[in-house]
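Look at the structure below and follow the text through it, starting with ring pairs, moving to one helix and ending with the whole chain.

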Amino acid sequence: MAENNNKELEKEQELLAKYDKESAYRQALGKWGWIVAVIAISMTFFHLYTAFVGPYRSMIQGAIHVGAGLALIFLLYPVKRTLIQRPGVAWYDIVLAGLALYVNFYLVWNYERLTTRAIVFGFETIDIIVATLGIVLVLEATRRAVGLPIVIIASAALAYGVWGQGIPHFGHAGFDWSVLSVRMYFSSSAIFGTPIQISSTYIFLFLFFGVMLVHTGIGKFFNDLAFRATGKYTGGTGKAAVTASALQGMVTGSSVANTVASGSFTIPMMKRAGFRPEFAAASEASASTGGQIMPPIMGAAAFIMAEYTGTPYSQIIIIAIIPALLYFSGVMMGVHFEAKKHNILGLPKDQLPSVKGLLKKLDLILPLVAIIGILLAGYTPTFAGLAGIATAFVVSFFRKDTRLGFWKILYVLEQGARVALPVIAACASAGIVVGIVTMTGLGGKIAGGILDLAGGSFFLLLFFTMLACILLGMGLPTTANYVVTASMAAPALIMFGVPDIAAHMFVFYFGIVADITPPVCLAAYAGAGIARANPMKSGVTALKLAIAAFIIPYAFVYNPVLVLQDATFATLLPPLVTAFVGMMAISAGMMNYYITNPKLIERIALFVAGIMLIYPGNLMVSFGGIGLLVVITVVQTIRKKATVTNTQS
């Protein structure tokens, strides 16, 4: 049994390393394992301490955060993936780790001069050298821990900052490197701007909270809860997989990692129940990607969204609930129709977790309740994060199998820093993009270009913004893709009059769905690896299942009441009900099954009825959608009865 578990863990790690750049780290550190552990544990203690007593000045806090993070990345992530299994740490990576600590602590040691006198009297040559080295180290660390896409975008932004004067329509005066480099590294509007400021405070705490949930058995409790709630129904294993991924996605920050962690258990069960391998992979990938839009964590982007929009974090997690529920209802309905189509039943009662057993472990949900309750009570995310961590720690001691011993506590503290490394690198590189956009006015120029391209058409504006977000989001982690899309694409919607929160939610959604949009659908590829399915077919199926993510953003931009803008019960209920019914019709059309197998014209009619029902603010259109759906329902019911009668006779 132990040997089988080890093989499963090895397979899981191989898949993560293959499809998730964040997990492609060295496995055999040798004596350097102790150095990594000391730095990582110290880093976690630093963040817990500053969360408790209050953070340092934002740039000092950020410099310590980035310095320790980059040092760990160079010690953990080799220059090439093929070197992962090589024992020890290469000498040049040790040098790079030392340089990463030096250039960031240079900012700490010289903070007063760099932020006051140097701005007035000019920066010294050594400042420019350190800034240049810091930028290069950030980009290289990001390449190793996150991947090339965000590095290419950040590098292109730097090139634009220096040579942008030659670009038609989007040109600017250009900046000398001596000016640009120090603005990127020694100011609070670029590398150490909002993304890193949020990463060094809220995000780190909530990522550590996610680690606590995994290592105290709370994550497994979420899985058991999901299987008990939905496992007995038609297509139960698929519905349980969707529910479990939604629950786990609330507190994790990676579509791919969530797909592998949940999918290693749910995908084989779905295949055994009768789901096609491609569908099993797709449903897990769609649900895991949806976890990034599920409150309260939302891939850690919610914290940055709060800062960008001026909307309290406690309000954002409420605003995001309806779009998230619409998304997951669409995926769940897709699973239901696929199961009905292939007559896949639920799990027998004896294969489900017992209600009595779950009730005995009900205390494991207390950490999540604590975080949400404290946030809704109006306290800061920092306090909520600390309370959640403390509650998870206390709850773990209630039973022997979840109790954390001394060495396990140290291990969890180390993992808390490790899981934050890709986010740190991504936020630092995204900060470069934000800094260039701010310095050059590029955001306004891109927004103006999109508006010109749309030619005054609101729908075309949304469509072109959607395409830009999907392209910008391909291959980027959640936080980075939101920062980039919020800087470059959201301003166009805001200039057209879209409410800030609706505009930011729109670009956030389309940045996220890049993970399941072919050809760069990494979450679907990871699921296909577990299911032994065709990766591209899995990606296309995931796209069909997650069709809600491509429709819902249009719905809440056209009708902001769905993101609770000027909403009352009377104004919210009708569009909410029609949106759910519309998602059912669209899912049926996508899965090619409703009451029975639809003919082509019925399938098209299902999709049209769904769009009419979701179309906001026009009761006549909604009534037309209801009427069309009623007609399809009657026609299919009659045909199914006729088929049953013929079969029986």
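In this predicted model, a search of the whole structure turns up 29 aromatic pairs. A pair of aromatic rings is described by the distance of the centres and the angle of the planes. Take Trp 91 and Tyr 92: their ring centres are 5.7 Å apart and their planes stand at 80°, so this pair is edge-to-face. An angle over 60 degrees is what counts as edge-to-face. Trp 91 is exposed, with a relative accessible area of 65%, while Tyr 92, at 30%, is partly exposed.

A second pair is formed by Phe 458 and Tyr 558. Here the ring centres lie 5.2 Å apart and the planes are at 75°, so this pair is edge-to-face. Tyr 558 is partly exposed, its relative accessible area being 35%. Aromatic residues can also gather in groups: Tyr 102, Tyr 106, Phe 123, Tyr 185, Phe 186 and Phe 192 form one aromatic cluster.

Now turn to helix H5, which covers residues 111-121. Which of its residues are buried? They are Tyr 111, Arg 113, Leu 114 and Ala 118. Viewed down the axis of H5, these buried residues fall within an arc of 135°, so they line one face of the helix. An α-helix has 3.6 residues a turn, so residues three or four places apart point the same way. After H5 comes Gly 122, which has a positive phi, near 100°.

Finally, consider the protein chain as a whole. Its secondary structure consists of 31 helices and zero strands. The C-alpha trace spans about 90 × 65 × 45 Å along its principal axes. For 649 residues, a compact globule would have a radius of gyration near 26 Å, and the 25 Å of the protein chain agrees with this. Of the 649 residues, 57% are buried. Among contacts in the protein chain with a separation of 6 or more, 77% are between residues 24 or more positions apart. The accessible surface of the protein chain is about 25,900 Å², and carbon and sulfur atoms account for 67% of that surface.

Note on methods. Residues numbered from 1 in each chain as written. Predicted model: local features only at pLDDT ≥ 70, side-chain atom pairs only at ≥ 80, totals over all residues. Heavy atoms only, no water. Buried < 20%, exposed > 50% of the residue type's maximum accessible area, 1.4 Å probe, protein only. Helix = DSSP H or I, 4+ residues; strand = E, 2+ residues; numbered from the N terminus. Arc of directions from axis to C-beta. Phe/Tyr/Trp six-rings, centres within 6.5 Å; stacked < 30°, edge-to-face > 60°. Rg over C-alpha atoms; globule rule 2.2 N^0.38 Å. Contact = heavy atoms within 4.5 Å. Areas by Shrake-Rupley, 256 points an atom, 1.4 Å probe, with all protein chains shown as cover.
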